[in-house]
Amino acid sequence: MKTKVYDLGHARAGDKGNTSNVSVTAYDERAWHILREQLTVQKVMHAYAEIARGPVTRYELPKLRALNFVIENALGGGVTVSLAQDMHGKSLSFLMLDIELNM
């Protein structure tokens, strides 16, 4: 059975230069275990492949039941040079929430 990250947690995005920072926080302990096991750097890079060249780095914050992904080369060069409508990449958290995982 498939589920989406959306069903297991919420996400928030930020930016610095040409780097996007997207965190996912699990709703509960069960969701944390699924996210920790299945939301890999490879899955995230695949989801962002159209807009990011990477690399992607994943940080685990177990006490918060959260994963933080730093996605480099993702914002069209950064706020001052990008022609993107969402220059800061705030909507990139929605892309993370749409990733499918196995249950």
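**Exercise 1.** Determine whether Arg65 is buried, partly exposed or exposed.

*Solution.* Step 1: the relative accessibility of Arg65 is 27%. Step 2: buried means under 20% relative accessible area, exposed means over 50%, and partly exposed lies in between (1.4 Å probe, protein chains only). Step 3: Arg65 therefore counts as partly exposed, at 27%.

The model is predicted: local features need pLDDT of at least 70 and side-chain atom pairs count only at pLDDT 80 or more, while totals for chains, interfaces and linings use all residues. Residues are numbered from 1 along each chain as its sequence is written, and side-chain values use heavy atoms, with hydrogens and water left out.

**Exercise 2.** Locate Arg65 and describe its phi angle.

*Solution.* Step 1: Arg65 belongs to the loop between strand 4 and strand 5 (66-71); helices (H or I, at least four residues) and strands (E, at least two) are DSSP runs, numbered from the N terminus. Step 2: its phi is near 55°, a positive value in a residue other than glycine.

**Exercise 3.** Classify Leu61 by accessibility and state its place.

*Solution.* Step 1: Leu61 sits in strand 4 (residues 56-61). Step 2: because its relative accessibility is 34%, Leu61 counts as partly exposed.

**Exercise 4.** State the order of helices and strands.

*Solution.* Step 1: the protein contains four helices and six strands. Step 2: along the sequence they follow β-α-β-β-α-α-β-β-α-β.
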